[in-house]
Amino acid sequence: MASILSSASNFTMDNTQFNVANIHQGQIGDSDPWRILLSHSAINAMADSPAVTYEPTCHPGTREVVTGRIMAWARDPRAEPILWLSGPAGAGKSCIQRTIVQSCIAEGLFIACFFFSIKQSERNSQTRFVTTLAAQLAENISGLKKHINSAIEMDQRIFTRSLESQVEGLIFKPLRALQGSTLQRLKAFFNTAFKAFLRAFCYQGHEETRANVIVIDGLDECVGEKEQARILSLIRALATNSHFPFRIIIASRPEYAIRTAFFSPSLSKDTLIFRLEQYEADGDLRLFLEAEFSHLKLVHSTSKSIPADWPSPKDENALVTKASRQFIYVSVVMKHLANPRRNPMVELRRILDYQPSRNDTNPFAELDALYNRILHPPDIDTSLLTSILHLIIHDKPRETMSPVDDLDMLFGLRPGTTSSTLVDLHSLLNFNSPDRRPTFHHKSLEDFLTTAARAGDLYQSNDQTHVQLTVAYYNLGRQHQLKNRGTATSDYVWDLTLLTTSHACSVGDWSLFEREFAENTLPAFIDSLVQNDIMAVTVLMERRRLDPYVHRYHSFFCTTSEDGCLQRCKEIRQLNMHMLPAKLQRSIVDPPSMIDMPPDAASKPQGCGCIRSTDAEEYDGEAGVGVSQHLVAGFD
């Protein structure tokens, strides 16, 4: 994604000040409706994208009972239109879904898919869900593309409308138009039985087969319970519409919002539920282990010294027992044993001998024990490793921020320190992601690290991580200023500015900052932007970052010094009211987004008298109706 200020120039960072000039809105957008649709779609969520294509499918000979039953559902003309594949973390749901995609393609049943992923912003929200499905329907249904293109040309605001409006405009209306246009052609030749022929013409199937399948994976990785419930509501609307003759299979963990929706009367009557934990998996786990151990003994650097009968059946059975039907467990074990720097026989014995507490009732106790074993290699700086792992979870750098090597620069480490720290963690981390930044192979590792009771010394609160990142990006900007004698490349400096502000706004407890940084350094950094550059304020407000910053600062001083809070809040509020262009003022009447902010972000500060009714009118001026009320509401 291009920088928001790709045409900006003449930045300086002297005494934490930025000067901006020559900022433009960017090039005129593409007018081709198909390219516009693709630009609003999540390409990496599609079946033929690199992000999905190279992910593993079910190992040959495994999960055949589950995949067989799912495909039988897909072919059954009397079956429910929706299937929910429910299963715990690490049970192999995504592998099953990718296998189902391949089977549906082979049988001519595949029509579209969406693979959610917490790792990528375009795949972890509802925003691109409808547009991505629409793009695939256009590609896979003959004649539909021109009707979708026409819909975009007639309503260029379609991508800013609600998801329900997008379903109607990009899917239902084009399907109806296709049916109508096809009907007119058919009427010229046939006066009877045209409905059956119409379905065959449009959907390459017969009326009684509900010919095609849509595969949705990882709904629990869509951020926010409300978004998950909304997507399920959309899915029900799709599956029960007479103009949408497709089956939909959804795989997810049985999280509260998801299972509540599926068990509701409106959705349960149209849904077949498969609980993955009810299927016997031990035999599949043994097949997987046998194949993986055979391969390991052929390719490992110590293969010549590995006995032919290793591992023993007893050890294989022990691994199956420890896995507790979780394919993620045996997958992580085999990736760890494949490390050419270590003896796999020694490592397997250590894994088998490493036991969780006997009193542990955690259902992931064995997986946690495995993670703890791998994440505590000899001579590791646990504190540094913890910071790096939590940075991977929370940091979302811009394009101008480069990948692994810059983690050293961000933390002020010697070059190569991060790589050497992570060198033995390839069983848990993927270093071949499209942006070349390390990512987790499986979300269960993030769940482990962000749960204090499970992670132990590897746990770090969200606030602690955002404090580290705020200070790190600020210091990186200062270093860049000194290195470049007060000037810097515009994109890079602005990325550092927005990253610093973004992480600061995400800290719920500002007492975690060093007092000097919170009281003087960070306010001076933000104030210099506000006082010197209207365009800087514009960008920050468009990104909804300045209002959360004001609230954070306000809340911090409410617990320390009411006088200080009074002065600072009034100063920043005055800058907000008078520095913003009228057009931007009107655009921020709605409350600021709470994305990236803790649940208590909008809570009422206690004991503060800095906002009074007279203050609300003091800065009203040219701000326009509603803006002053909005700002006051942020403090009340």
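1. Start with the E2–E6 pair. Strand E2 (residues 82-86) and strand E6 are joined by 5 bridges and run parallel. Within this pairing, Ser-86 has Arg-275 of E6 as its bridge partner. The coordinates come from a predicted model, and the remarks below should be read with that in mind.

2. The sheet as a whole is open and has 5 strands. Its order is E3-E4-E5-E2-E6, and the pairing is parallel. E3 (110-115) and E6 (271-275) are the edge strands. Each has a single partner strand, so one side of each is left without a neighbour in the sheet. On average, neighbouring strands are turned by 15° against each other, direction ignored.

3. Helix H5 (residues 129-140) packs on this sheet. H5 touches E3, E4 (212-217) and E5 (246-252). The direction of H5 makes about 155° with that of E3.

4. On one side, 5 bridges join E5 to E2, and the two strands run parallel. Here Ile-82 has Ile-248 of E5 as its bridge partner. The pairing of E5 with E4 is also parallel, with 6 bridges. In that pair, Asn-212 stands opposite Phe-246 of E5.

5. Is E5 covered or exposed? It is mostly covered, with 7 of its 7 residues buried. Phe-246, Ile-248, Ile-250 and Ser-252 point one way from the strand. Arg-247, Ile-249 and Ala-251 point the other way. Both sets are buried, Arg-247 and Ser-252 included.

6. Next, a helix pair. H12 (residues 282-299) packs against H13 (residues 313-323) at an angle of about 130°, and their axes are 10 Å apart. The two helices are therefore oblique to each other. Their crossing is right-handed.

7. Which residues make the H12–H13 contact? From H12 come Asp-282, Leu-285, Arg-286, Leu-289, Glu-290 and Phe-293. They meet Glu-316, Asn-317, Leu-319, Val-320 and Ala-323 of H13. By type, the contact residues divide into 6 nonpolar, 1 polar and 4 charged.

8. The peptide bond from Trp-310 to Pro-311 is cis, with omega near -10°.

9. Arg-63 has a positive phi of about 60°. Its place is in the loop between H2 (50-53) and H3 (64-75). Arg-63 is buried, with a relative accessible area of 4%, which falls under the 20% cut-off.

10. Asp-379 sits in the loop between H16 (365-374) and H17 (382-394). Is Asp-379 buried or exposed? Asp-379 is exposed, at a relative accessible area of 83%, which is over the 50% cut-off.

11. Finally, the chain overall. The chain has 636 residues, of which 53% count as buried. Its secondary structure comprises 30 helices and 9 strands. Among contacts with a separation of 6 or more, 76% join residues 24 or more positions apart.

Terms used
Residues are numbered from 1 along each chain as its sequence is written. This is a predicted model: local features need pLDDT of at least 70, side-chain atom pairs count only at pLDDT 80 or more; totals for chains, interfaces and linings use all residues. Side-chain values use heavy atoms; hydrogens and water are left out. Axes are lines fitted to C-alpha atoms, for helices over the stretch in contact, and angles run from 0 to 180 degrees between N-to-C directions. Helices (H or I, at least four residues) and strands (E, at least two) are DSSP runs, numbered from the N terminus. Angles under 35 degrees count as roughly parallel, over 145 as roughly antiparallel, 65 to 115 as roughly perpendicular and the rest as oblique. A crossing is left-handed if the near helix is turned anticlockwise from the far one by less than a right angle, and right-handed if clockwise. Contact means heavy atoms within 4.5 Å. Ala, Val, Leu, Ile, Met, Phe, Trp, Tyr, Cys and Pro count as nonpolar, Asp, Glu, Lys and Arg as charged, and the others, Gly among them, as polar. Two strands pair if DSSP finds at least two bridges between them. Buried means under 20% relative accessible area, exposed over 50%, partly exposed in between (1.4 Å probe, protein chains only).
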